[in-house]
Amino acid sequence: MTRAAQSAVSDETAAIKSLEAQHLVQSYRRAPFVLSHGEGVYLYDTEGRAYLDLMAGIAVNALGYGDPELTAVLSEQAGRLIHVSNLYHTAPHAELAARLCALSFADRVFFNNSGSEANETAIKFARKWARMRHTTGPAKTELVAFSSAFHGRTMGALSITPRPQYQDPFRPLLPDVKIAPYNDLDAAAGVIGAGTCAVFVEPVQGEGGIHEAAPGFLQGLRELCDRHGALLIFDEVQCGVGRTGSLWAHEAAGVTPDIMTLAKPLAGGLPVGAALVTEEVASVIQPGDHGSTFAGGPLVCSAAGVILNRVSEPGFLAHVTEVGAYLKERLLALGSPQIAAVRGRGLMLGLQLTLPAAEVIAAGYDHGLIMVNAGPDVLRLIPPLILQKQHVDEAIEKLAHIFRLLA
Ligand SMILES: Cc1ncc(COP(=O)(O)O)c(C=O)c1O
């Protein structure tokens, strides 16, 4: 009997699920329980059951749940100022932008509210940059992206997310998009040329199944972009901000982009996005070119300040590397026949399965584990970055049991 079936569902749980079923647009397949609160790396449902969280709100909740510093800063800032407008100066967004620049290649930041929006910003900035800087010759409007990429669901970001099931119902998309196979530099060289405005790439692909850029791939793209006068854009919405054990996932490659987009973990669970850019890119943007009502608000930016300070600590990043390596080692040692491969680094791992990931995820719910997929047969482990080795041991014990059950 499953955990869910063992205890009868309370009236409260049933009422919430019924309201949701009646009144929310049914664009998600939701888990069978209702979440009520969290503490550390655990979530609790309205029936009082605990779940070890291995997905962190899809790579968002870097510090887990109820972090005392984050909670205190948020309550203090909420009492002081939640929102004004980008028409006014406030300390939190100025300080956050300065910190992001100090910690990266970037000279300037444009804030957004999500990863998709940050990529829309990158598309618009790249298009304007190409228009201003390449005034003669053929049109320079093409966007290049890669197979299995995920850049978001808004129309621009969707246009560079080459998945028929996401794109086809919503055509027509942006024109002038070219797709090459991920990690294939020769193929990239075939599509990047005089007409290329920008190349979008995830240094570690998330939704597409946890694929790391092969050695030399990002450097090769940098060279191609430089040769053809195109911008290189790293989408670190999922892999950035400490997830892979370095602050930015591209660090190991030894090259920097012209634009980097961030979102998910940056504000510890509040909606945020950011496009980090060089002075050269920023210099083509004038007042009125782009904007957002909510982006960069004082509450969100004060939360992001906490996350960035904590995650950028060398000790914190070393912890992610160490616990991630331990998790990977223990997953490999499981020896379950259903695990064909383990990919990724830091706390961004993918298990290539020989059965549908949905079956493992459903069994996880019954055994107090929350996990998410990355495609039909990849189980993605992207826990809060504060995960400890004892949590890895608990997860491995549960996974071993689940794989035995499903054998
Ligand atoms: C690499 C990457 N880019 C962009 C996005 C879109 O972000 P959002 O869902 O915040 O719009 C995602 C979301 O999963 C992502 O993983």
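Modeller: What follows covers the domains and the contact between them. This is a predicted model, where local features need pLDDT of at least 70, side-chain atom pairs count only at pLDDT 80 or more, and totals for chains, interfaces and linings use all residues. Residues are numbered from 1 along each chain as its sequence is written, and side-chain values use heavy atoms, with hydrogens and water left out.

Biologist: Which domains is the protein chain divided into?

Modeller: Domain 1 is 3-60 + 314-406, and domain 2 is 68-311; the bounds come from an automatic or database domain assignment. Their C-alpha centres lie 27 Å apart. Domain 1 puts 23 residues into the contact and domain 2 puts in 25, with contact meaning heavy atoms within 4.5 Å.

Biologist: What area is buried between domain 1 and domain 2?

Modeller: About 2,000 Å², with 55% from carbon and sulfur atoms. That is the accessible area (1.4 Å probe) lost on putting the two parts together, summed over both.

Biologist: And how many salt bridges between domain 1 and domain 2?

Modeller: Two, counting a side-chain nitrogen of Lys or Arg within 4 Å of a carboxyl oxygen of Asp or Glu. The side chains of E207 and R380 form a salt bridge at 2.8 Å, N to O.

Biologist: Which element gives the largest share of the domain 1 side?

Modeller: On the side of domain 1 that touches domain 2, α13 gives the largest share, four residues. Elements giving two or more residues there include α13 (314-334) and β13 (339-345); helices (H or I, at least four residues) and strands (E, at least two) are DSSP runs, numbered from the N terminus.
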